[in-house]
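Keep the structure in view as you read.

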Amino acid sequence: MKLDIRHEQTTLYMQPLREGGSLPGLVEASDGFRYVAKFRGAGHGTKALIAEFIGSEIARAAGFRVPELIFLDLSEDFGRTEPDEEVQDLLKGSEGLNLGVHFLSGAMTWDVLANRMDEMTASRLVWLDAFLTNIDRTARNTNMLYWNRELWLIDQGASLYFHHSWSDWQKAALSPFPYVKDHAVIRHATKLDEADEDMHRRITPEIIDAVVDAIPMDWLEASGTDTTANEQREVYRNFLKTRLSNSQIFVRHAIESRQKLI
């Protein structure tokens with residue numbers, strides 16, 4: 001199995017999107033479509049792009065709607081005429097390969113109070129974020145959109161937070177994920193055991209291999225980590241497979257965390 005990720009050129013920088021701390025930008029690409037560009041020159045560098053890529057493609061494999069990702073080239077010319085000094089520095093520091101997320105025009109933020117989510121979907125979403133150790137899907141910032149009357153997931157860049165210290169990944173892989181208590185839909189996740197069975201059918205070791213193999217070598221080499229690109233790739237692979245085979249650790253903790261809230 002191999003992921004087919006398109007590769008496009010950035011043709012127009014349109015505007016910064018200041019909702020997030022990493023200052024993504026709205027751009028137009030050589031295919032004529034608009035994308036939210038996640039830049040390698042932002043605070044967490046290519047590690048954020050790697051987390052976004054892995055998290056999004058795992059979520060897609062798990063059956064969630066996720067905007068299409070593309071590899072997005074940015075030439076040095078884009079930083080020269082930008083009047084905003086902060087944005088200019090970001091663009092200059094992002095020359096090369098970045099990540100583009102298809103822009104869902106007209107999408108609205110998913111409101112956990114106003115937008116209904118069935119219990120199985122909520123349970124599968126809690127499972128997914130606990131699996132990915134995604135700390136950034138809270139009621140304050142759901143990173144979910146309502147588009148064409150459907151739920152879409154965005155911004156998985158806060159996943160896999162172990163790689164920011166890159167130490168003792170084996171211990172991190174077996175973490176119960178204590179942050180699950182703050183998850184946006186934890187109160188509705190009443191079917192976590194059923195979700196565990198479902199997600200194991202959807203997310204397989206072969207899926208993990210395909211996603212990890214598709215991480216651009218350039219991002220791994222620029223991650224600021226002492227280990228080689230190939231060694232990093234193997235750590236991501238083994239982390240995810242270990243977490244998958246030991247999912248009952250975070251499932252049981254999620255169930256216990258939910259029970260304390262109700």
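**From a loop to the fold**

Thr-133 sits in the loop between α3 and β7 (144–147). The model is a predicted one, so each value here is computed from predicted coordinates. Is Thr-133 buried or exposed? Thr-133 is buried, because its relative accessible area is 3% and the cut-off for buried is under 20%. The backbone of Thr-133 also deserves a look. Its phi is near 50°, a positive value in a residue other than glycine. Most residues other than glycine have a negative phi.

A second residue belongs beside it. Phe-177 is not a glycine, yet its phi is positive, at about 65°. Phe-177 lies in the loop between α4 (169–173) and α5. With 1% relative accessibility, Phe-177 counts as buried.

Now step back to the whole chain. The secondary structure comes to 9 helices and 8 strands. Along the principal axes, the C-alpha trace spans about 55 × 45 × 30 Å. How does the radius of gyration compare with that of a compact globule? For 262 residues, a compact globule would have a radius of gyration near 18 Å. The protein has 18 Å, which agrees.

Of the 262 residues, 51% count as buried. Take the contacts between residues at least 6 apart in sequence: 74% of them join residues at least 24 apart. The protein exposes about 12500 Å². Carbon and sulfur atoms supply 48% of that area.

Next, the charges. There are 29 positive and 40 negative side chains. The centres of the two sets lie 6 Å apart. The salt bridges come to 18.

Start with Arg-124 and Asp-198. These two form a salt bridge, with the closest N and O atoms 2.8 Å apart. The pair links distant parts of the chain: Arg-124 is in helix α3 (residues 119–132) and Asp-198 is in helix α5 (residues 192–202), 74 residues apart.

Asp-193 forms a salt bridge with Arg-252, and here the closest N and O atoms are 3.2 Å apart. This pair also links distant parts of the chain, with Asp-193 in helix α5 and Arg-252 in helix α9 (residues 247–261), 59 residues apart. Asp-193 counts as partly exposed, at 34% relative accessibility. Arg-252 is partly exposed, with a relative accessible area of 34%.

What does the buried side of α5 pack against? The buried residues of α5 pack against α3 and α9. In α5, Leu-192, Ala-195, Asp-196, Asp-198 and Met-199 are buried. An α-helix has 3.6 residues a turn, so residues three or four places apart point the same way.

Ser-247 is placed in helix α9. At 3% relative accessibility, Ser-247 counts as buried. Which residues does Ser-247 touch, not counting those up to four places away in sequence? Ser-247 touches Trp-127, Asp-196 and His-200.

The side chains of Asp-209 and Arg-237 meet in a salt bridge at 2.9 Å, N to O. Asp-209 lies in helix α6 (residues 205–213) and Arg-237 in helix α8 (residues 229–245), so the pair ties together parts that are 28 residues apart in sequence. Asp-209 counts as partly exposed, at 22% relative accessibility. Arg-237 counts as buried, at 10%.

This pair does not stand alone. Asp-209, Asp-213, Glu-234, Arg-237 and Lys-241 are linked in a network of salt bridges.

Note on methods. Residues are numbered from 1 along each chain as its sequence is written. This is a predicted model: local features need pLDDT of at least 70, side-chain atom pairs count only at pLDDT 80 or more; totals for chains, interfaces and linings use all residues. Side-chain values use heavy atoms; hydrogens and water are left out. Helices (H or I, at least four residues) and strands (E, at least two) are DSSP runs, numbered from the N terminus. The radius of gyration is taken over C-alpha atoms; the globule rule is 2.2 Å times the number of residues to the power 0.38. Buried means under 20% relative accessible area, exposed over 50%, partly exposed in between (1.4 Å probe, protein chains only). Contact means heavy atoms within 4.5 Å. Accessible areas come from the Shrake-Rupley method with a 1.4 Å probe; for residues, only the protein chains shown count as cover. Lys and Arg count as positive and Asp and Glu as negative; His and the chain ends are not counted. The place of a charge is taken as NZ of Lys, CZ of Arg, CG of Asp or CD of Glu. A salt bridge is a side-chain nitrogen of Lys or Arg within 4 Å of a carboxyl oxygen of Asp or Glu.
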